[in-house]
Amino acid sequence: QVQLVESGGGSVQAGGSLRLSCTASGRISAYFMAWFRQAPGKERESVAQINWEGTNTYYADSVKGRFTISRDNAKNTVYLQMNSLKSEDTAVYYCAARRGTSFRQDYDYWGQGTQVTVSS
């Protein structure tokens, strides 16, 4: 089992950048990692996912070209670099982990979330 803690959220103006971090209590090298987000009144959605070694990634269409997911297995940490932020990126962002061999929506372990607010 792995415990996840997100950090790096905050408030930023449209067009700005933020970098989220997710640090795990244990080794993450065996896990696919992901960032999800949930805006008020909306369902949770997958934003970005990354495989064990960081050699393959998935992005939602809404963030392609603006967000980058990366991982440092030596530090048991996953990152989400968010550039060119828009007001519609405002949401609580969650880090998630799962054992598996493909990108999916059902993750097993979740962090507590970090708020990202983008003002226009």
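In this report, a residue counts as buried when its relative accessible area is under 20%, as exposed when that area is over 50%, and as partly exposed in between (1.4 Å probe, protein chains only). With 17% relative accessibility, Asn76 therefore counts as buried.

The structure above is a predicted model, in which local features need pLDDT of at least 70, side-chain atom pairs count only at pLDDT 80 or more, and totals for chains, interfaces and linings use all residues. Residues are numbered from 1 along each chain as its sequence is written, and side-chain values use heavy atoms, with hydrogens and water left out.

## The disulfide

A disulfide is a covalent bond between the sulfur atoms of two cysteines. Here it is assigned when a pair of cysteine sulfur atoms lies within 2.5 Å, and that rule gives one disulfide. Its partners are Cys22 and Cys95, with 2.1 Å from S to S. The link between Cys22 and Cys95 is left-handed, at -80 degrees about the S-S bond. Cys22 belongs to strand E3 (residues 18-24) and Cys95 to strand E9 (residues 91-98), so the bond ties together parts that are 73 residues apart in sequence. Strand names such as these come from DSSP runs numbered from the N terminus (strands, E, have at least two residues; helices, H or I, at least four).

Are these cysteines buried or exposed? Cys22 has 1% relative accessibility and so counts as buried; Cys95, at 0%, counts as buried too.

Next, look at strand E8 (77-82). Five of its six residues are buried, so E8 is largely enclosed by the rest of the structure. Two strands are said to pair if DSSP finds at least two bridges between them. E8 pairs with E3 in the antiparallel sense over six bridges, and Thr23 stands opposite Thr77 of E8. E8 also pairs with E7, again in the antiparallel sense and over six bridges. In that pairing, Ser70 has Tyr79 of E8 as its bridge partner.

E7 and E8 form a hairpin, with four residues between them. Asn76 sits in this loop, between strand E7 (67-72) and strand E8. The phi of Asn76 is near 55 degrees, a positive value in a residue other than glycine.

Because its relative accessibility is 40%, Ser84 counts as partly exposed.

Which residues does Ser21 touch? Ser21 is in strand E3, and at 16% relative accessibility it counts as buried. Taking contact to mean heavy atoms within 4.5 Å, and leaving aside neighbours within four places in sequence, Ser21 is in contact with Val5, Glu6, Ser7, Trp35, Thr77, Val78 and Tyr79.

## Salt bridges

Side chains of opposite charge can pair when their charged atoms come close. A salt bridge is counted here when a side-chain nitrogen of Lys or Arg is within 4 Å of a carboxyl oxygen of Asp or Glu. By that rule the model has five salt bridges, and the table shows some of them, including the pair of Arg37 and Glu45.

| Pair | N to O distance |
|---|---|
| Arg37 and Glu45 | 2.6 Å |
| Arg66 and Asp89 | 2.7 Å |
| Asp106 and Arg104 | 2.7 Å |

For the salt bridge of Arg66 with Asp89, the two residues sit in separate loops: Arg66 lies between strand E6 (57-59) and E7, and Asp89 between E8 and E9, so the pair ties together parts that are 23 residues apart in sequence. Both Arg66 and Asp89 are buried.

In the salt bridge of Asp106 with Arg104, Asp106 counts as partly exposed at 38% relative accessibility, and Arg104 counts as partly exposed at 40%. Through shared partners, salt bridges also join Arg37, Glu45, Arg66 and Asp89 into one network.
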